[in-house]
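Let's take a walk through this protein together, one piece at a time. Have the sequence and the structure open as you read.

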Amino acid sequence: MDRRRISGGCFVFLLVLVIFESGRIGVSGNGVFKVQHKFFGRRMVEELRAHDARRHGRLLSAVDLPMGGVGLPTSTGLYFAQIGLGSPPKNYYVQVDTGSDILWVNCVTCQRCPKKSDIQGVELALFDPKGSSTAKYVSCDQNFCSSLYGGDIPGCTPNLPCQYSVSYGDGSTSSGFYVTDVVQYNQVTGNHQTELANGSVTFGCGAQQSADLGSSGEALDGILGFGQSNSSMLSQLASAGKVKKVFSHCLDTTNGGGIFAIGHVVEPKVKTTPLVPDQPHYNVNLKAIEVGGSFLTLPTDLFETGEKKGTIIDSGTTLAYLPETAYKLLMTSIFSYQPDLSFHTVQDFLCFRFYGNVDDGFPDVIFHFENSLLLTVHPHDYLFEDQDSVWCVGWQNSGVQSRDGRDIALLGGKQFTL
């Protein structure tokens, strides 16, 4: 078995999950989106927990999604990118989210849409179909709409708009209608160079928002879902032959951003693990956890995928959440390396004072996935410095965070980034 250990968090999604063996990426048939991180440069630990609590309330609770996909409100978004829509193209800031399917942006007819954002450098805009020469309204009798509803729509007559409506567990909603227009993105042309490319996609034109979606805190223009349904932008571009149906992301905590890329990875070499089929999220098969060279003794079925069970990779979650059994054993094993530490809590995070290099004082944690894929998480990845020489633990107990998600392993951005 290949025991090469890979650190970092560059993921490729197709029918397999892939982890790169180096930091340079070469891709073919590719679109690239540069992303930024909302919380980069801010160390307030309560923001991390509050962010994840909002997101998990929507990710794990029952939602009404008649038009397909799990769209997540912008206040829970972690990474965002800028894309061009329409002719002539205008730029919009959208949350990049592996946990949702459709692309939607706020439109000129929107009620209660935020007018400004608290995110530095982000100026919000409203999409106007009448201002684009290539925009076309989608009617309810078109194939795109009937496929989302699972058949013909009762009461549909020609020229009635194809509507979408999303209701979330926290009471926030987004509704509007679908339009088809040109999306503009960067395409890799070789030797790490890019050029502008475009394709026709059908996306939501947000007409009414409520609750958090109407607030200015961390507001964006919309959501770009990288989910698995046929309604996602990735699926539409792939169906049109513009790209291959595979995407990758490299998220960088050092520089506060990263990239999302569409297309086959040709450089560097990759190692793969299968995605679990027929799941609404990106589920993978986690087989074991190793700490400092020793495996945790865990129940054999702990990470099996099932009803409210399994292991999910999610770019929109900040921290890593493990089932209680795995969490307790992991914490005991890690801190056996420093038995004299004194612990205290900061906003419910377990923290301690430690002088020196954490990579020298604590063990690496290695996640073993199907197909012998190993992912190494270093101490500087799972610990974060809240203040000088005060370190807090990024691992979280799923059982404490959510009743519905207590048996789910949710691997988020802090532990699984570069």
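**A strand and its partners**

In strand 23, His-368 is the bridge partner of Ala-288. Strands here are DSSP runs of E with at least two residues, helices are runs of H or I with at least four residues, and both are numbered from the N terminus. Two strands count as paired if DSSP finds at least two bridges between them. Before going on, a word on the source: this is a predicted model, where local features need pLDDT of at least 70, side-chain atom pairs count only at pLDDT 80 or more, and totals for chains, interfaces and linings use all residues. Residues are numbered from 1 along each chain as its sequence is written, and side-chain values use heavy atoms, with hydrogens and water left out.

Back to that bridge. Strand 17 (residues 286-291) and strand 23 (residues 365-369) run antiparallel, joined by five bridges. Strand 23 also pairs with strand 24 (residues 373-377), again in the antiparallel sense and over five bridges; here Val-365 has Val-377 as its bridge partner. Strands 23 and 24 make a hairpin with three residues between them, and Asn-371 in the turn has a positive phi of about 70°.

Is strand 23 buried or exposed? Five of its five residues are buried, so the strand is largely enclosed by the rest of the structure. Buried means under 20% relative accessible area, exposed over 50%, and partly exposed in between (1.4 Å probe, protein chains only). In a regular strand, side chains alternate between the two faces of the sheet. In strand 23, Val-365, Phe-367 and Phe-369 point one way, Ile-366 and His-368 point the other way, and all are buried.

The structure holds 15 aromatic pairs. For one of them, the ring centres of Phe-335 and Phe-362 are 6.0 Å apart and the planes are at 80°, so the pair is edge-to-face. Phe-335 sits in helix 4 and Phe-362 in the loop between helix 5 (358-361) and strand 23, so to speak 27 residues apart, and the pair links distant parts of the chain. Rings of Phe, Tyr and Trp (its six-membered ring) pair if their centres lie within 6.5 Å; planes under 30 degrees apart count as stacked, over 60 as edge-to-face and the rest as tilted. Both partners are buried: Phe-335 has a relative accessible area of 11%, and Phe-362 has one of 4%. Ring pairs also link Phe-335, Phe-343, Phe-352, Phe-354 and Phe-362 into a cluster.

Contact means heavy atoms within 4.5 Å, while axes are lines fitted to C-alpha atoms, for helices over the stretch in contact, with angles from 0 to 180 degrees between N-to-C directions. Strand 16 runs antiparallel to strand 19 (residues 310-313), with two bridges joining them, and Asn-283 has Ile-312 as its bridge partner in strand 19.

Now for another spot: Ala-207, in strand 11 (residues 193-209). Ala-207 is buried, with a relative accessible area of 18%. Ser-175 is 32 residues away from Ala-207 in sequence, with 5.9 Å between their C-alpha atoms. Beyond its neighbours within four places in sequence, Ala-207 is in contact with Thr-109, Cys-110, Gln-111, Ser-175 and Gly-176.

Finally, zoom out. The protein has seven helices and 28 strands, and 55% of its 418 residues count as buried.
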